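Hi everyone, thanks for coming.

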Amino acid sequence: MIRVLIAEDQGMMRDALALLLGLEDDLEVVAQVADGSAIVSTVAEVRPDVALLDIELPGRSGLEAAADLRGTGVVVLILTTFGRPGYLRRAMEAGAAGFLVKDAPVEELAAAIRRAVAGERIVDPALAAAALNAGPSPLTGRERDVLAAALDGATIADLAARLHLSESTVRNHLSSAIGKTHTRNRIEAARLARHNGWL
């Protein structure tokens, strides 16, 4: 049996995935979590073979959890609504064995789990091509942090306090990110970066 953990914040989607995967003779869903911050501790507790992670989770993203699980022996598959090249690149850099989009049939997901456990990398070919064409994110880690914090429209002073940086440092990072994304302001830069999967 292949033991599977599902991390998905939408209850109906999580339950449906567990039910459908449970119908497979060789798959057993051993844990379900709704919060990204519970992934690592739950993996340590139940020791699944595969962690099926959504990207956008409360507490901690699936991409962050994937990086935390590197070296544990757990095969990580990212399952997301957002087939963005930047997300794919970040998932692979975090050590994920595959990147799947939620609109695929469940039979394909079950087959992908089996293939990933057998050592294959699982990536949709069209998304892989788009990721190669898009290239890497031009943003530094700190620029990503500042842009992600700016998504809610916070003031420079609020961003500085939230990120424990000086206001001038926040302005410098925002200015650099705006230049690198060829946008007019920080809101446009943050939206473009999020759309491309860089945040």
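**A threonine and a sheet**

Let's start with one side chain: that of T181 reaches the backbone oxygen of I178 at 3.3 Å. Please keep in mind that this is a predicted model.

The side chain of T181 also makes a polar contact with the side chain of T183, at 2.9 Å. Where does T181 sit? It lies in helix 9, which covers residues 167-181. Is T181 buried or exposed? The cut-off for buried is under 20% relative accessible area, so T181, at 6%, counts as buried. And which residues does it touch, leaving aside its neighbours within four places in sequence? Those are L139, A189, L192 and W198.

Six strands form an open sheet with parallel pairing, in the order 2-1-3-4-5-6. Strand 2 (27-33) and strand 6 (122-123) stand at the edges with a single partner strand each, so one side of each has no neighbour in the sheet. Strand 2 runs parallel to strand 1 (residues 2-7), and six bridges join the two.

Finally, two helices. Helix 1 (residues 11-22) lies across strands 1, 2, 3 (50-53) and 4 (75-80), at about 165° to strand 2. Helix 4 (residues 85-93) packs on the sheet as well, touching strand 4, strand 5 (98-101) and strand 6. Its direction makes about 150° with that of strand 5.

How values were computed: Residues numbered from 1 in each chain as written. Predicted model: local features only at pLDDT ≥ 70, side-chain atom pairs only at ≥ 80, totals over all residues. Heavy atoms only, no water. Helix = DSSP H or I, 4+ residues; strand = E, 2+ residues; numbered from the N terminus. Buried < 20%, exposed > 50% of the residue type's maximum accessible area, 1.4 Å probe, protein only. Contact = heavy atoms within 4.5 Å. Polar contact = N/O pair within 3.5 Å; in protein donor to acceptor, adjacent residues only side chain to side chain. Pairing = 2+ DSSP bridges. Axes fitted to C-alpha atoms, helices over the stretch in contact; angles between N-to-C directions.
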